[in-house]
Each structure stands twice: as structure tokens, then as C-alpha cells.
Amino acid sequence: MIIGVPKEIKDHETRVGLVHSGVIALLEAGHRVLVEAGAGSGSAIPDHEYAEAGAELLPAAREVWAQADLVVKVKEPQPSEYDFLRPGLILFTYLHLAPLPRLTDRLLEAKVTAIAYETTRESDGSLPLLTPMSEVAGRLAVQIGAVYLEAPNGGRGVLLSGVPGVAAGNVVILGGGVVGSNAAKVAVGMGAHVTIIDKNLNRLRQLDDIFGGQVFTLASNVWTIRESLRTADLVIGGVLIPGASTPRLVRRDMLPRMKKGAVMVDVSIDQGGCFETSHPTTHTDPIYFVDGVLHYCVSNMPAAVPHTSTLALTNATFPYLFEIANKGFEGACQEHPAIREGVNTYQGRVTYPGVAESQGRECADVGALL
């Protein structure tokens with residue numbers, strides 16, 4: 001199989017879908033690897049390392065897309081890449097299609113086989129390809145929130161740790177999953193007052209045990225969220241329904257009661273966001289204000305730390321990529337249900353229920369199509 005690695009072009013997206021160690025493994029298995037020149041530079045992986053590993057360096061993205069059987073990326077295709085989509089192409093990347101009907105249309109029209117990292121699910125319910133970036137984003141959310149709480153950056157001038165004689169900042173985390181628990185680790189480490197809100201009481205019990213009473217846990221409902229927001233300095237949205245649009249837990253009418261200069265970081269923005277006032281932003285223009293509350297809704301947060309993110313991501317994705325390359329798409333799907341779960345479009349049909357429901361489309365069973 002010919003595996004293509006184009007350079008990411010989303011705003012400030014400096015991660016890359018394959019590292020040089022992966023190139024070596026693929027070549028030893030008899031495959032070819034095409035890498036666009038400069039694809040790894042943002043992650044501190046220069047072209048010569050790919051060349052030394054045996055990859056073929058190509059000067060333009062168009063050549064990579066045109067020759068590859070399987071394109072491995074980090075982020076969903078951008079509008080300028082839509083013309084590269086074609087029948088027979090396998091695309092393996094983060095897709096987050098639920099809020100992107102236009103991209104879904106193009107994938108269906110081109111009959112691309114699109115496998116999403118974020119919906120690849122193992123039999124135990126885990127999301128192994130989403131987890132590493134959720135870990136990065138959760139930890140990064142507190143770091144970013146702390147910076148934007150500084151007055152010169154638009155925040156209310158709060159030091160999350162506080163100092164002797166002055167109370168610590170209040171951090172409210174919506175969702176107790178991978179994002180939420182990792183955000184809590186950093187926030188607790190900084191000395192903040194941390195509250196985690198989740199609808200799953202068993203998960204709240206686990207978090208209470210994990211943190212040994214260092215965090216406060218609350219059952220999720222409208223009243224709990226509204227009252228917690230009133231005292232929050234930093235709010236982190238880490239809610240996930242795999243493949244589907246995120247529920248809007250923070251309503252527009254809750255913001256006027258919040259502190260002016262409070263910061264809201266919506267890690268769920270890839271799936272539409274869990275704040276009613278959220279809309280995607282970029283690393284170039286990351287923030288905006290609603291009712292005096294600062295919103296940070298960058299849809300590719302982990303790209304801020306690309307070296308760490310690329311290594312964490314490819315550690316998780318490569319075994320699946322290797323399986324697809326070695327067994328072919330159909331063989332990999334038949335032998336590994338997790339890969340089959342990751343398929344979002346195939347033969348011009350939507351094959352993931354969450355995407356179909358979010359966009360009002362019919363959903364086909366990929367198993368029946370294979």
C-alpha cells in the first residue's frame with residue numbers, strides 16, 4: 001500500500017500524522033511512504049529524518065494525495081483540500097463530522113472511505129485514538145485558562161493558586177471523562193479550588209477516590225451548572241458524545257450572572273461545543289467576549305504543543321494504521337471491530353450513527369456494505 005502524509009494546513013496546525021519511526025516500520029512491511037516536504041517541521045521532525053527513514057519526499061500536497069492509497073492526517077480536510085478527495089481513497093484522521101455537513105457532502109460525493117480517530121472504539125468502550133489528544137487538551141486547558149485569567153490578556157486578574165491570605169481561583173470542569181480528569185490533575189496541582197460536574201454518579205465516585213477529596217464533585221443538572229458558574233473563575237468544557245454533536249450545557253442566559261473577566265475554555269468545540277455561546281476560533285484569533293466573559297474555543301488546541309502532541313498521537317494511531325496497511329481496509333475491518341467502528345463514510349454512505357443523527361441523514365451499516 002502507498003501511504004501519504006501531507007502537511008497540515010489548518011490554522012497553526014503543526015502536528016503530523018506519521019513520524020519517522022513509523023516510516024521505517026511501514027517500509028519493512030513492504031509499503032511505500034510519501035511525505036510532503038515540511039510536513040514534520042512544526043513537530044521538530046525535519047525532512048532529512050524522513051528521508052533517512054526511507055520516505056519519498058514530494059514537493060506538493062497534490063502529488064501526495066494523488067498517489068496515495070491511504071492518506072494519514074491529523075485534522076479533517078480543509079476546503080482547499082476538497083478537490084484532492086477521490087474514489088478509492090482511504091482517509092485516516094480526526095474528522096469530527098457532526099458539525100461539518102459540507103465536508104460530509106464532499107466525502108460522500110467522492111466516495112472516500114473515511115476512518116475517524118475519534119470514533120474508533122474498542123470492545124471495552126475505550127476511544128484509544130481520541131484519548132491522547134484529550135489528555136493533552138485537558139491539561140492544556142488549565143494552562144491556557146490560567147494565562148487568559150491574567151488582566152493584560154483580558155481576564156479578571158486571578159492567580160489560580162492564590163497566595164497565603166488570598167483564596168485560590170475556582171475552576172469548574174464540565175465532564176469527568178479524559179479531558180475533565182486531566183484538567184483536574186493540573187488544576188489541583190496548581191492549587192486551585194476544583195469542581196467536577198458530571199451526570200454519571202459512578203464516575204463521580206471514581207473521581208472522588210482518585211483525587212482523595214481534593215476536588216468537589218456535583219451531579220449535573222441545570223441548577224448545579226448555573227450556581228457553579230456564578231462563582232467560577234475558569235470553566236472548562238470537556239463533554240463528549242462520540243461522533244455526535246455535543247449538548248449545550250451552558251446556556252446563554254447563564255453568562256450575565258458570571259464574574260466579568262471569567263474565562264471559558266471549550267475543549268468540546270470540535271463536536272460543536274458545550275457552551276451555547278461557543279463558536280470555533282483559531283490559534284491566530286483564539287478568543288472573544290460574550291457578556292464580559294472570555295471564550296477560548298480553538299478547535300485544534302493540542303497543536304499549541306505539537307512535539308508532545310504528535311508523539312502522543314502517533315503512539316496510539318500507528319498500530320491501527322499498520323493494520324489497515326497490512327490487511328487492507330476490508331480485511332482490517334473484518335478482523336478488528338474497533339476499526340470498523342471508526343468508519344464514518346464508505347461507498348458514498350454515512351456509516352456512523354452519531355454523524356447521521358446530527359446531520360439528519362440516513363445511516364448505513366458498514367458491516368453490511370463490506
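Is Cys 333 buried or exposed? Select Cys 333: its relative accessibility is 0%, so it counts as buried (buried means under 20% relative accessible area, exposed over 50%, partly exposed in between, with a 1.4 Å probe and protein chains only). Before moving on, note that this is a predicted model, where local features need pLDDT of at least 70 and side-chain atom pairs count only at pLDDT 80 or more, while totals for chains, interfaces and linings use all residues. Residues are numbered from 1 along each chain as its sequence is written, and side-chain values use heavy atoms, with hydrogens and water left out.

The structure holds 0 disulfides (a disulfide is a pair of cysteine sulfur atoms within 2.5 Å).

Next stop: select residues 131-148, helix H5, and residues 178-189, helix H6 (helices are DSSP runs of H or I, at least four residues, numbered from the N terminus). Their axes come within 7 Å and cross at roughly 40° (axes are lines fitted to C-alpha atoms over the stretch in contact, with angles from 0 to 180 degrees between N-to-C directions). H5 and H6 are therefore oblique to each other (angles under 35 degrees count as roughly parallel, over 145 as roughly antiparallel, 65 to 115 as roughly perpendicular and the rest as oblique).

To see where they touch, show side chains: the contact residues include Gly 138 and Val 142 of H5 and Ala 183 and Val 186 of H6 (contact means heavy atoms within 4.5 Å).

Technical notes
Helix = DSSP H or I, 4+ residues; strand = E, 2+ residues; numbered from the N terminus.
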